[in-house]
Amino acid sequence: MEKVIETQDLTKAYGKGNTEVRAVDGVSLVIERGEFTAIVGPSGSGKTTLLQLIGGLDKATSGKVLLAGTAISDMSGRALSDFRRDHIGFIFQAYNLIPVLTAQENAEYVMLLQKRDKKERRARVQSILEKVGLQGLEHRRPAQLSGGQHQRVAVARALASGPDIILADEPTANLDSTTGADLVDMMKTFNEESHMTFVFSTHDPKIMSRAKRLITLEDGKIISDVRQN
Amino acid sequence: MLLLKLAIRNILRQRRRSFLTTLSMALGYFMAAFTFSVVEGSYGNIIDIFTRDHTGHVQIHAGDYLDRPSLYKQIRDVESVVGKVQTVPGVLAATPRIFAPSLAYAGDKTSIASVVGIDPKREALTTTLSQKDRIGDYLTGAMSPDGYDIVMIGSALAETLKLKIGDELVLIGQGVDGSIANDIFIVGSIVGDKDSSERIKVFLSMDAAQRYLSMGNTAHEIAIVTDSPDEAEELAASIEAEIADATLSVEPWQVVEEIFYNTMTADKQSNKISTLIIMAIVAIGVLNAVLMSSLERAREYGLLRAIGTQPRQVFAMIVVETMMLGIIGCIAGFVLGLPLLLQLTETGIPMPTPVDVGGMAFDAILAEVSLTTLGLPVILVMVTSFLVSLWPGFRSARITPTQALQAV
């Protein structure tokens, strides 16, 4: 299998000397293409920081992050922005959407940055919005959508540009358990259909059970890494 | 397109704030347009009064007469020179003049007098002398039934010498040939008041002045007016080329009335500073609104950065948004302010006390509406909008996605 994500002794420390806190402490892991991985652990265990480092949103204190063979930990500025745009889809816990754009425009946004053809954009986004169950809501703005619908639009946006990896930081944290479970099931369906790599963080046991691989963090270190059926 | 779409929607998103920001920009536009219109209008009016009073837009003299006037620095064959000047495109009218100091006698009264020889018809086409308040008829060049030349004198001279219409006036001076110039004249009219620029002048016809001073077909000055006063310098150059006489100097009114022109230019500069202060006040208000808006949307910019938007695109988004507010502000300021400015071009702002400018009553400050007075404020507002957007723009562009995520 092809390695899509690889971290080598990844460390993110805040503060110095006696006050130093290691949010991520020497994490080395490999995630292969098509995996559906949950990063779990208690609050403060380093889940969000690890996802930010993998996604190139933050700089590691030491160690390396390689995505599809590219060392993004060595990248910066425009190159890193372009890499994120073209290879990574993000779903955040909240504040996922641009308030002044409709659901369709939000989903199209990254493709617009990629300067994709309008016809291609419209067709792909329409198809994805149907798959995430937002048919008929394309022209609604975020304020006119429920929390679950927000996250579905975020999933649609993350998928639309056709990235290698989708990183989701506690995507269900602000949703009720049923809606959250539905969202993860939907992500899982896309994972199975498209073989896109999904990595998401959660501390919800119901959601964890849906992951094929469970990486558990504690104090910034991996304490277990199990594959489950 | 994406930037424009986002900018328009973001403007509509906070309607009240956008309205107030636009209003302050509209006010800034109007204040600047008002200042420029009034300054240009009042100075345009003063320049017009000044140049049409006696200076003209261009003057010709012999040698350095302008700096060191002398009876002997004459324009030779003046009629030929005036003829050439009148062929230059843009010249509306040209008139020759003679200047000489003299002593004036009437009965047992004596006064100094400034003799001015004019061509009455050409002078009337060139300056407003014929339209000024006076007692009696404007100079025609005619003689009295007794064969004396009829003159028009200033009212201060008339008062000093106790002269009335029809009285005799004796002038004594020096002719250009070294002889003593003296002659008797008849007062045909009294012009202006005791404070006006004509107060001690004695206006003679060119013939009479040339005879009195033994000048032949010469003069000291040719005053020229044009239909394009703003192009006086270019016209002076054209006239100089046409007359092609190295003994003559051709100068625009800005050189002839150098002190007035410099004072006016300095005053205009101070008005520009006032306008910049107005724009600075507007800029602070707009900066506050734009900065507040960008701070509120920090998470949004972080999100945009996270999903691949370049910092320069975030920067451009804020600049475009602020510039659009500037455009709307200019349009609003233009639409709301134009009727008032147009009204001011007609009625002006009344002066509490009319001011005498060269014998002409200046009783209102008239505005001038032109591409400059309406266009320059647009540039000012747009430059202000751009400058104001720089700080929030840079600040927002530098937001890291992590900051946005932490804010969630």
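Contacts in chain B, to start. Of those between residues at least 6 apart in sequence, 77% join residues at least 24 apart. Contact here means heavy atoms within 4.5 Å. This is a predicted model, where local features need pLDDT of at least 70 and side-chain atom pairs count only at pLDDT 80 or more, while totals for chains, interfaces and linings use all residues. Residues are numbered from 1 along each chain as its sequence is written, chains are lettered from A and ligands numbered from 1 in the order written, and side-chain values use heavy atoms, with hydrogens and water left out.

Staying with chain B. It has 13 helices and 12 strands. Those are DSSP runs, numbered from the N terminus: helices are H or I with at least four residues, strands are E with at least two. The radius of gyration of chain B is 31 Å, well over the 22 Å from the globule rule for 408 residues, so the chain is more spread out than a compact globule. That radius is taken over C-alpha atoms, and the rule is 2.2 Å times the number of residues to the power 0.38. Along its principal axes, the C-alpha trace spans about 105 × 45 × 30 Å. Of the 408 residues in chain B, 51% are buried. Buried means under 20% relative accessible area, exposed over 50%, partly exposed in between, with a 1.4 Å probe and protein chains only.

Is B:His61 buried or exposed? Buried, at a relative accessible area of 0%. B:His61 sits in strand 1, residues 58–62. Its side chain makes a polar contact of 3.2 Å with that of B:Gln59. Beyond four places in sequence, the contacts of B:His61 include B:Leu66, B:Ile75, B:His220 and B:Glu221.

Now B:Ile184, in strand 7, residues 180–191. B:Ile184 counts as partly exposed, at 27% relative accessibility. Leaving out residues up to four places away, B:Ile184 touches B:Tyr148, B:Asp149, B:Glu168, B:Leu169 and B:Val170. How far is B:Ile184 from B:Gly326? They are 142 residues apart in sequence and 71 Å apart in space, C-alpha to C-alpha.

On to the interface. 27 residues of chain A contact 24 residues of chain B. The buried area is about 2,400 Å², with 62% from carbon and sulfur atoms. That is the accessible area (1.4 Å probe) that the two parts lose on being put together, summed over both. In chain A, A:Tyr95, A:Val100 and A:Tyr109 lose the most area to chain B, together 26% of what that side buries.

A salt bridge puts a side-chain nitrogen of Lys or Arg within 4 Å of a carboxyl oxygen of Asp or Glu. One joins A:Glu105 and B:Lys5, at 3.2 Å, N to O.

Last, backbone. Most residues other than glycine have a negative phi. A:His195 has a positive phi of about 60 degrees. A:His195 lies in the loop between helix 6 (177–194) and strand 8 (197–202).

Terms used:
Polar contact = N/O pair within 3.5 Å; in protein donor to acceptor, adjacent residues only side chain to side chain.
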